[in-house]
Amino acid sequence: MSTQNAFLGIDVGSISTKAVIIDEHNTILAQEYIWTEGNPIGAVKKLLGLLEKQLDRDTWQIVGVGATGSARRLVGSIVGATVVKNEITAHAVGTTTFHPDVRTILEIGGQDSKIILVENGIAVDYAMNTLCAAGTGAFLSSQARRLGIDVEEMGQYALQSAHPTMIAARCTVFAESDLVHKIQMGHPREDIIAGVCRAVASNYINNVGKGKKICSPVVFQGGVSKNVGVVRAFEDLLQCPVIVDENGHLMGAMGAAILAKRGLKRTVFDFSVEKMDFVTRERNCGGCSNNCEVICVYRDGSLIDFWGNRCERGAVH
Amino acid sequence: MEETGGNRIPAIGIPRALLYYRYGTLWEHFFRALDVPVILSPLSSRGILDIGARLAPDEGCISLKMFIGHVEALIGKCERIFIPRYSNYGYTDLFCTRYEGIYDQARNIFHTSGQRFITCNIDVMNGSPEPKAFEQLGVELGFSERESRQAWKEAAGALEQEQRANDRLQKELAGKPGMKVLLAGHSYVLSDPYLGKPIRDYLEAAGAVILRTDALDPITSRKASARFSPTCRWLVSEEVVGGVMLWKEKVDGIILVSAFPCGPDSMTNELLIRRIKGVPVLPLILDIQSGMAGIETRIESFLDIIRFQKGEMV
């Protein structure tokens, strides 16, 4: 019996690792979402193990693999990806496939945030946070810890507040000292939490979204979109509904899978990487005073890929 | 510091950083016309930047740190290191104060090295226009006023020729087929082999045609900047802004390349991002610890956006 084609998309971010397997019609056959925990290789192996259990391999054969997210290069080389794409493009492709009428995509992840503007289903402009990660998921996590609650609970607390505390949000360092000050002044906790959520949203609009015309429909995704407090803050500030897709966290992986499907390259992917041994090593080139840090990836002891060198002198053989 | 006699190579050293990328041709031709040997510092590298970052003031921009690294590379290798003070070409043509201060900064940083330095003041507002400044420079090196003036004339002519050739090349490039990306920024960022080159290499490998604001005729650009803002303070900012105004309709995307933390760029780039419509604009800020990963992600996605717009499959 012949199998049908399926496509795997993997999105390895700083905080979480996501993957989906789709068919030719973008129907999700398997999906998974786990924490990266500082170990992208381990996370991907674990993820593949979980996906393998969900997929009926007598029916489906994965013929294309897309990798995205900040560890896309590493993971792409490990799984033998047919497409390696940046997360902005992957998110744009994934989101416009499921929300063809979307005009603005807001995305706040663990370490970065971006905005993508869409016209007629095509991404036309985007912006990303520049040097500073103020107002991303990492900021929310650390403030939740300071307030003694889980980051997942923040949204519910925020919704209970009628008077969000004003918190300076230009810079994480200032935001934090302002927050401590407001706590010591006796502001109620739910007001502070709502203030933090509002600060994240207004910081985003003023920094990442500056000069951009935010049109409705607006889709909000990335880990922070799971925080209803931030969603509410965006709705208040933008004066329009903000859509959070239940599969929003998978949009990058979806985009990667769709890009793999559109691509011309084909492979036969068989989950065997789960059992292989991968090691990365850093090597200082020393060929000139740039002294590039070259990352080498070894599979079962043999070199499969390297990057980080600025010129041919840094090539590893 | 007194002259130590003939045990040093009687050559002028020029740090290959900051305004070298704007006036290098002028300086080199000036010294060459006087038969003064010139030694250039090596091309920028991580090593030079690391040394500069250790020696330069913490608050300085990455390009200043690179510059100090280049000065260090010349210490003890030449008779004098040439660091001109560029202040202004008149009331409306001001340079960022950075260029006015670097001679004194470098002298202070290396004051125990015994190295000699030489400068000249380009400061029209205080009665020292460029011809006079270079005349005095020549006299200080032991040449006559006439010889020095003649050398400046030759050098100024060479620079003008170079600018004309650059401008012509930009127009030729603009006529080429394919995706056109305008790099807007200071030439000491765009031309630097460590800072700007990886960006240019990446764009070229992706098949983009690269246009540059710093290669356009500076006078035309400065005039064009008035359409954007009549009160743009710094001369080089005017050229960046003017270049964007002149080319924004003819390119598929604009990348604003800036070295962190650049005061002038932080004003003009903010304004450009807010006011330039109809063409994708990517602000790209280079800082001292950034690897290429963040830069690659931003450029790759930027090129994808352009391809999406052009209806090309990504």
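What follows is a walk through the domains, sheets, helix packing and chain contacts of this predicted model.

A few ground rules to begin with. Residues count from 1 along each chain as its sequence is written, while chains are lettered from A and ligands numbered from 1 in the order in which they are written. Because the model is predicted, local features need pLDDT of at least 70 and side-chain atom pairs count only at pLDDT 80 or more, whereas totals for chains, interfaces and linings use all residues.

**Domains of chain A**

Chain A splits into domain 1 (4-92 + 253-275), domain 2 (101-244) and domain 3 (279-314); bounds like these come from an automatic or database domain assignment. The centres of domains 1 and 2 of chain A, taken over C-alpha atoms, are 28 Å apart. Seven residues of domain 1 of chain A are in contact with 12 residues of domain 2 (contact: C-beta atoms, placed from the backbone, within 7 Å). On the domain 1 side, helix α3 (residues 87-98) of chain A gives the largest share, three residues. That side divides into three nonpolar, four polar and no charged residues. For these classes, Ala, Val, Leu, Ile, Met, Phe, Trp, Tyr, Cys and Pro are nonpolar, Asp, Glu, Lys and Arg are charged, and the others, Gly among them, are polar.

**The sheets of chain A**

Helices (H or I, at least four residues) and strands (E, at least two) are DSSP runs numbered from the N terminus, and two strands pair if DSSP finds at least two bridges between them.

| Strand order (chain A) | Strands | Pairing |
|---|---|---|
| β3-β2-β1-β4-β5 | five | mixed |
| β11-β12-β13 | three | antiparallel |

Strands β1 (residues 4-12) and β4 (residues 60-68) of chain A run parallel, joined by eight bridges; A:Ala6 of chain A sits opposite A:Ile62 in β4(A). Helix α2 (residues 72-79) of chain A packs on this sheet, touching β1, β4 and β5 of chain A, and its direction makes about 155° with that of β4(A). Helix α9 (residues 251-262) of chain A lies across β1, β2 (16-22), β4 and β5 of chain A, at about 135° to β1(A). Axes here are lines fitted to C-alpha atoms, for helices over the stretch in contact, with angles from 0 to 180 degrees between N-to-C directions.

Over in the three-stranded sheet, β11 (278-284) and β13 (302-307) of chain A each have a single partner strand, so one side of each lacks a neighbour in the sheet. The twist averages 25° from one strand to the next. Seven bridges pair β11(A) with β12 (residues 293-299) of chain A in the antiparallel sense, and A:Asn284 has A:Glu293 in β12(A) as its bridge partner.

**A helix pair in chain B**

The axes of helices α3 (residues 62-74) and α4 (residues 97-109) of chain B come within 11 Å and cross at roughly 45°. B:Leu64, B:Phe67, B:Ile68 and B:Val71 in α3(B) meet B:Arg98, B:Ile102, B:Ala106 and B:Ile109 in α4(B). By class, that contact has seven nonpolar, no polar and one charged residues.

**Where the chains meet**

23 residues of chain B are in contact with 19 residues of chain A. On the chain B side, α2 (46-55), α11 (263-275), β10 (281-286) and α12 (292-309) each supply at least two residues, and α12(B) gives the most, with eight. The chain B side has 12 nonpolar, five polar and six charged residues.

How values were computed:
Contact = placed C-beta atoms within 7 Å.
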